[in-house]
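Here is a short tour of one protein model, written for someone just starting out. Keep the 3D view open and click along as you read.

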Amino acid sequence: MKTKIIFSVFVVLASIYFYTERRRNVDIRPLQLYALSLEPCSQSLEKKRNSLGREICADLPVPPSDVAYILNYRTIDNEYKKYVLLMYLKLYQKQLIQYHQSFDVRESPFFYYRFSRRSDCAKAFCETIGENFLKRKLGPEFLPAYLAIDYIRESPELRHDSLLRSHVEMIDSIQKVQAAFE
């Protein structure tokens, strides 16, 4: 009896592991196209409001199913990180222009919502910037889009990428202009 329980637990854990295992052979092109053409905040699926009643754009739209598959099952290499970070750089840029600040990019409570389709991008962002297992699965307590800039600046292999660098420079110039008017 004890052997059957141990074997059953092993089979369940092995099934979970193989079901959630990331694969290198997943084509990244749909994620590339999605990230390059993404226009955050252009059509908000859920209207969130701040304390003044103004609508805010706090998260990315729900990605199409082929992009969601890549976000959930492709190996997290530098190319994967590049396009996930690009999406959040674009979101942060829009938030800076519209609201002069960044917002938490997850549904609350994230532990509950992390398994929904709406959280695929936030989950990929946590997996990309997380320093340890727990941070990769749940992220920090507050997960704003500007953490993409911090991660890029600390990552030598991504810091020199021309696409990411151009977006970081755009955000830096927006911040300088806003600081001049304050």
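Asp172 is partly exposed, with a relative accessible area of 22%. The word has cut-offs: buried means under 20% relative accessible area, exposed means over 50%, and partly exposed is in between (1.4 Å probe, protein chains only). Asp172 forms a salt bridge with Arg153, and their closest N and O atoms are 2.7 Å apart. To count as a salt bridge, a side-chain nitrogen of Lys or Arg has to sit within 4 Å of a carboxyl oxygen of Asp or Glu. This pair ties together distant parts of the chain: Asp172 is in helix H10 and Arg153 is in helix H8 (residues 147–154), 19 residues apart. Arg153 is partly exposed too, at 41% relative accessible area.

A quick word on where this comes from: you're looking at a predicted model, where local features need pLDDT of at least 70 and side-chain atom pairs count only at pLDDT 80 or more, while totals for chains, interfaces and linings use all residues. Residues are numbered from 1 along each chain as its sequence is written, and side-chain values use heavy atoms, leaving out hydrogens and water. As for the helix names, helices (H or I, at least four residues) and strands (E, at least two) are DSSP runs, numbered from the N terminus.

How many salt bridges does a search of the whole structure find? It turns up 7. One of them pairs Asp161 with Lys82, with the closest N and O atoms 3.2 Å apart. Here, too, distant parts of the chain are linked: Asp161 is in the loop between helix H9 (156–159) and helix H10 (162–180), Lys82 is in helix H4, and they are 79 residues apart. Asp161 counts as buried at 17% relative accessibility, and Lys82 counts as buried at 16%.

Asp27 and Arg29 also meet through their side chains, in a salt bridge of 3.1 Å, N to O. Asp27 is partly exposed at 38%, while Arg29 is exposed at 52%.

Now find Asp77, in the loop between helix H3 (65–73) and helix H4 (78–99). Is Asp77 buried or exposed? Its relative accessible area is 15%, so Asp77 is buried. The side chains of Asp77 and Arg74 are joined by a polar contact of 3.0 Å. A polar contact is a pair of N or O atoms within 3.5 Å; within protein, one must be able to donate a hydrogen and the other to accept it, and residues adjacent in sequence count only if both atoms are side-chain atoms.

## A covered helix

Helix H6 (residues 120–129) is mostly covered, with 10 of its 10 residues buried. Among them are Asp120, Lys123, Phe125 and Glu127.

Ile70, over in helix H3, is buried at 2% relative accessibility. The C-alpha atoms of Ile70 and Asp120 are separated by 9.8 Å, and the two residues are 50 apart along the chain.
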